[in-house]
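Please look over the sequence and the model below before reading on. The report then takes up its parts one after another.

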Amino acid sequence: MYALTSAYSLFLNFRIGKRLAGHIKGITGNGGKLVFIQKTICITTLCLALGGASLPMAHATGKPAPTAEFKLDLINSKGAVIGKASLQEQADGVHIHLAAEQLAPGMHGIHFHETGKCEAPEFTTAGAHFNPLSKQHGFSNPKGFHSGDLPNIQVDASGKIEAEIISKNVTLAKDAPNSLIKSGGAALIIHEKADDYVTDPSGNSGARIACGVIK
Ligand SMILES: [Cu+2]
Ligand SMILES: [Zn+2]
């Protein structure tokens, strides 16, 4: 099931404007019309592949083999497991494969947070967005963005999401400055509302509704 529609990609394109427009993969001009040739969108250095669509594999040779996979359960505010995610670093970035259910349909912000502690119901224990470069929040923020910022995800009408997100802004290489694999861990958090990509410190994305520990 596709997590995002082309219409949504267009919406994102209009909403974020030029900053995003140059980074949407798979859009090509065709007599002045936009044509989606591949279900992948990119925001700055992040790409969100649509659920179910296969990502173009990294064709680079001589690059390091993919790292070990880090798997995590996502829990909701009642502490129940509602999904899982796996992280794996490839030549083109850290791939986050996400599959979850029992979420409210619609757009939701999702980020890496700085501490690997998910205490329901509010998950404040996960701290702020992962931000080793001391930037402000948001891809559209001139002082942005956090290394842990990610593109919004769209939960379908049945409350399910399956998506693959790629981030070039983090690594899984232990103890690198922007590594998620660090002392104290990190967390992947889904929010109640969409991230507006500009409001510091968390994109006005509302409550933290699901959390998973990355260790
Ligand atoms: Cu967050
Ligand atoms: Zn942020």
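## The model and its conventions

This is a predicted model, in which local features need pLDDT of at least 70 and side-chain atom pairs count only at pLDDT 80 or more, while totals for chains, interfaces and linings use all residues. Residues are numbered from 1 along each chain as its sequence is written, and chains are lettered from A and ligands numbered from 1 in the order in which they are written.

## The chain as a whole

The chain has 2 helices and 13 strands; both kinds of element are DSSP runs, helices being H or I over at least four residues and strands being E over at least two, and they are numbered from the N terminus. Of its 215 residues, 41% count as buried, where buried means that 20 or more other C-beta atoms lie within 10 Å of the residue's own, exposed means 12 or fewer, and partly exposed lies in between, with C-beta atoms placed from the backbone.

Two residues are in contact if their C-beta atoms, placed from the backbone, lie within 7 Å. Among contacts in the chain between residues at least 6 apart in sequence, 58% join residues at least 24 apart.

## Strands 6, 7 and 11

Strands are said to pair if DSSP finds at least two bridges between them. Strand 6 (81-90) pairs with strand 7 in the antiparallel sense over 8 bridges, and the two form a hairpin with 2 residues between them. Within this pairing, Gln90 has Gly93 in strand 7 as its bridge partner.

Strand 7 (residues 93-100) is also joined to strand 11 by 7 bridges, and these two run antiparallel. Along this pairing Ala100 stands opposite Ile161, and His97 stands opposite Glu164. Strand 11 (residues 161-167) is largely enclosed by the rest of the structure, because 6 of its 7 residues are buried.

## Strand 13 and its partners

Strand 13 (residues 208-214) likewise has 6 of its 7 residues buried, so it is largely enclosed by the rest of the structure. Strand 12 (residues 186-191) is joined to strand 13 by 6 bridges and runs antiparallel to it, with Ala186 opposite Ile214. Strand 5 (residues 70-76) also runs antiparallel to strand 13, through 2 bridges, and here Ile75 stands opposite Cys211.

Val213 belongs to strand 13, yet Val213 counts as partly exposed because it has 19 C-beta neighbours inside 10 Å. Leaving aside residues up to four places away in sequence, Val213 touches Leu72, Gly116, Lys117, Cys118, Gly185 and Ala187. The C-alpha atoms of Val213 and Leu74 are separated by 7.8 Å, although the two residues are 139 residues apart along the chain.

## The largest nonpolar core

A nonpolar core is a set of buried Ala, Val, Leu, Ile, Met, Phe, Trp, Tyr and Cys residues joined through C-beta atoms within 7 Å. The largest one holds 36 residues, of which Leu74, Ala187, Ile189, Ala210 and Cys211 touch the most other members. The elements that give two or more residues to this core are strands 5, 6, 7, 9 (110-113), 10, 11, 12 and 13, and strand 12 gives the most, with 5 residues.

Apart from residues up to four places away in sequence, Cys211 touches Leu74, Ile75, Cys118, Phe123, Ala126, Ala187 and Ile189. Ile153, found in strand 10 (residues 153-155), counts as buried because it has 26 C-beta neighbours inside 10 Å. Between Ile153 and Ile190 the C-alpha to C-alpha distance is 8.8 Å, with 37 residues separating them in sequence.

Tyr197 is found in the loop between strand 12 and strand 13, and it has a positive phi of about 65° although it is not a glycine. Tyr197 counts as buried because 26 C-beta neighbours lie inside 10 Å. Asn204 has its place in the loop between strand 12 and strand 13, with a positive phi near 55° in a residue other than glycine, and Asn204 is partly exposed because 16 other C-beta atoms lie within 10 Å.
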